[in-house]
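This report describes one protein model, going from strand pairing to the core and then to the pocket. The sequence and structure come next.

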Amino acid sequence: MLKRSLTIAGHRTSIALEPEFWAALEALAAKRGLRLAALIEDIDRSREGPNLSSALRVAVLRDAQGSHP
């Protein structure tokens with residue numbers, strides 16, 4: 001697991017994900033023309049469950065499947 005600290009929606013948070021998910025999120029952010037923090041903020045706003053890490057993994061999976069969160 002790789003832990004990163006980011007500012008999301010004006011507050012600091014730490015997120016722990018596998019390096020492969022971080023790489024996929026960075027690629028997804030680049031594909032959408034966003035900074036990584038902006039992509040994570042978008043995913044955070046639209047998630048249905050309480051766990052941000054899970055929502056990020058689901059967003060990567062949906063992108064790989066060709067659907068969008």
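Leucine 6 has threonine 13 in β2 as its bridge partner. In this predicted model, β1 and β2 run antiparallel and are joined by 7 bridges. Another of the pairs links isoleucine 8 with histidine 11 in β2. The two strands form a hairpin with 2 residues between them.

Alanine 9 sits in the loop between β1 (2–8) and β2 (11–17). Its phi is near 50°, a positive value in a residue other than glycine. Most residues other than glycine have a negative phi.

**The nonpolar core**

The largest nonpolar core has 18 residues, and those touching the most other members are Ile15, Trp22, Leu25, Ile40, Ile43 and Leu56. At least two residues of this core come from each of β1, β2, α1, α2 and α3. In soluble globular proteins, nonpolar side chains tend to be buried together.

Which residues does isoleucine 15 contact, leaving aside its neighbours within four places in sequence? They are Leu2, Lys3, Arg4, Leu6, Trp22, Ile40, Leu52, Ser53 and Leu56. Isoleucine 15 belongs to strand β2. Isoleucine 15 counts as buried because its relative accessibility is 2%, under the 20% limit. Its C-alpha atom is separated by 15 Å from that of arginine 45, which is 30 residues apart from it along the chain.

Tryptophan 22 touches Leu2, Arg4, Leu6, Ile15, Leu17, Leu36 and Ile40, when residues up to four places away in sequence are not counted. Ile15 and Ile40, both among these contacts of tryptophan 22, are also listed with it among the core residues that touch the most other members.

**Helices α2 and α3**

Helix α2 (residues 36–46) has Leu36, Ala37, Ala38, Leu39, Ile40, Ile43 and Asp44 as its buried residues. These buried residues pack against β1, β2, α1 (19–32) and α3.

Aspartate 44, a residue of helix α2, is a charged residue by class. Aspartate 44 has a relative accessible area of 19% and is therefore buried, the cut-off being under 20%. Not counting residues up to four places away in sequence, aspartate 44 touches Ile8 and Leu52. One of these two, Ile8, is also the residue paired with histidine 11 in β2.

Leucine 52 lies in helix α3 and is buried, at 13% relative accessibility. Beyond its neighbours within four places in sequence, leucine 52 is in contact with Ile15, Ile40, Asp44 and Arg47. From leucine 52 to isoleucine 40 the C-alpha to C-alpha distance is 8.7 Å, and the two are 12 residues apart in sequence.

Serine 53 is placed in helix α3 (residues 52–65). Its contacts, not counting residues up to four places away in sequence, are Ile15, Ala16 and Leu17. Serine 53 is buried because its relative accessible area is 17%, which is under 20%.

Is leucine 61 buried, partly exposed or exposed? Leucine 61, found in helix α3, has 45% relative accessibility and so counts as partly exposed; that class lies between the 20% and 50% limits. The C-alpha atoms of leucine 61 and arginine 45 are separated by 18 Å, and the two residues are 16 residues apart along the chain.

The accessibility values given above are collected here.

| Residue | Relative accessibility | Class |
|---|---|---|
| Isoleucine 15 | 2% | buried |
| Leucine 52 | 13% | buried |
| Serine 53 | 17% | buried |
| Aspartate 44 | 19% | buried |
| Leucine 61 | 45% | partly exposed |

**The largest pocket**

The largest pocket has a volume of about 220 Å³. It is lined by 12 residues, of which Ser46, Arg47, Glu48, Val58 and Arg62 are the closest to its centre. One of these, Arg47, is also in contact with leucine 52.

Which element supplies the largest share of this lining? The largest share comes from α3, with 5 residues. Both α2 and α3 supply at least two residues of the lining. By class, the lining consists of 5 nonpolar, 4 polar and 3 charged residues.

How values were computed
Residues numbered from 1 in each chain as written. Predicted model: local features only at pLDDT ≥ 70, side-chain atom pairs only at ≥ 80, totals over all residues. Heavy atoms only, no water. Helix = DSSP H or I, 4+ residues; strand = E, 2+ residues; numbered from the N terminus. Pairing = 2+ DSSP bridges. Buried < 20%, exposed > 50% of the residue type's maximum accessible area, 1.4 Å probe, protein only. Contact = heavy atoms within 4.5 Å. 1 Å grid on protein atoms, 1.4 Å probe; cavity = no way out; pocket = protein on both sides within 12 Å on 5 of 7 lines; lining within 4 Å. Points joined across faces, edges and corners; volume = space filled by probe spheres on them. Core = buried A, V, L, I, M, F, W, Y, C linked by side-chain atoms within 4.5 Å.
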